[in-house]
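I opened this notebook to record what I looked up in one structure. The entries follow in the order in which I made them.

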Amino acid sequence: MTQKVRSLKVFGCGFPMPVHRIWTIRITRPQRRQLYRIRHRATPLEGVALLFGIYEDANTAVRVVRIDEMENVAQSKATFAIDPEEQFRIISEAENQGLVQVGIYHSHPAPPKPSGWDLEYMAYNPVVWIIDGVSIIARRMKAYQLIEGKLHSVRIQTV
Ligand SMILES: [Zn+2]
């Protein structure tokens, strides 16, 4: 039995939802390349995408099925914003395919750690946040989930 889990809208007002602690987010190699292209196109601004998919392993893991690149309407190197109407349209389209929003992706020109702004919005969007950043020499993706004020690491599994 698949439980329908809705994520909160990034900039909308929230509504109560069951929040599952997610330990693993599964993405394919082509999806990793897709995220790389999104990052590359957006540079030097932050790139952003919504991740849709399904819950697995008794709601402790998510599998990404669809990635939608979004325009960073903030046009910023330090943060991102999504047009709420566009977001609503994409979410409805994915839901019609039987998918739910399982994550949010964005890139950083800095290490892949949530910024203060990220943490603020993660509190309202307890999906998996993939942050694509850079360490001293290389690109590095990390995933997190913030539940009740506690930041958890989520494993990114390439499948
Ligand atoms: Zn960020």
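**Entry 1: terms and model.** I take helices (H or I, at least four residues) and strands (E, at least two) as DSSP runs, numbered from the N terminus. I note that residues are numbered from 1 along each chain as its sequence is written. I also note that this is a predicted model, in which local features need pLDDT of at least 70 and side-chain atom pairs count only at pLDDT 80 or more, while totals for chains, interfaces and linings use all residues.

**Entry 2: Tyr121.** I located Tyr121 in helix α3, which covers residues 116–124. I call a residue buried if 20 or more other C-beta atoms lie within 10 Å of its own, exposed if 12 or fewer, and partly exposed in between, with C-beta atoms placed from the backbone. Tyr121 counts as partly exposed because it has 19 C-beta neighbours inside 10 Å. From Tyr121 to Leu146 I read 25 residues in sequence and 9.4 Å in space, C-alpha to C-alpha.

**Entry 3: overall layout.** I found three helices and seven strands in the chain. Their pattern along the sequence is β-α-β-β-α-β-α-β-β-β. Of the 159 residues in the chain, 33% are buried.

**Entry 4: the barrel.** I count two strands as paired if DSSP finds at least two bridges between them. Seven strands close into a barrel, in the order β1-β3-β2-β4-β5-β6-β7, with mixed pairing. Within it, β2 and β3 pair in the antiparallel sense over nine bridges. I saw that Ile54 stands opposite Arg63 in β3.

**Entry 5: the core.** A nonpolar core is a set of buried Ala, Val, Leu, Ile, Met, Phe, Trp, Tyr and Cys residues joined through C-beta atoms within 7 Å. The largest one has 33 residues, and Ile25, Ala49, Leu51, Val102 and Val128 have the most contacts inside it. Strand β2 gives this core its largest share, five residues. In soluble globular proteins, nonpolar side chains tend to be buried together. I treat two residues as touching, or in contact, if their C-beta atoms, placed from the backbone, lie within 7 Å.

**Entry 6: Gln145.** I placed Gln145 in strand β6, residues 139–147. Why is Gln145 buried? It is buried because 23 other C-beta atoms lie within 10 Å. Beyond four places in sequence, Gln145 touches residues including Arg21, Trp129 and His152. Gln145 and Trp23 lie 122 residues apart in sequence but 9.0 Å apart in space, C-alpha to C-alpha.
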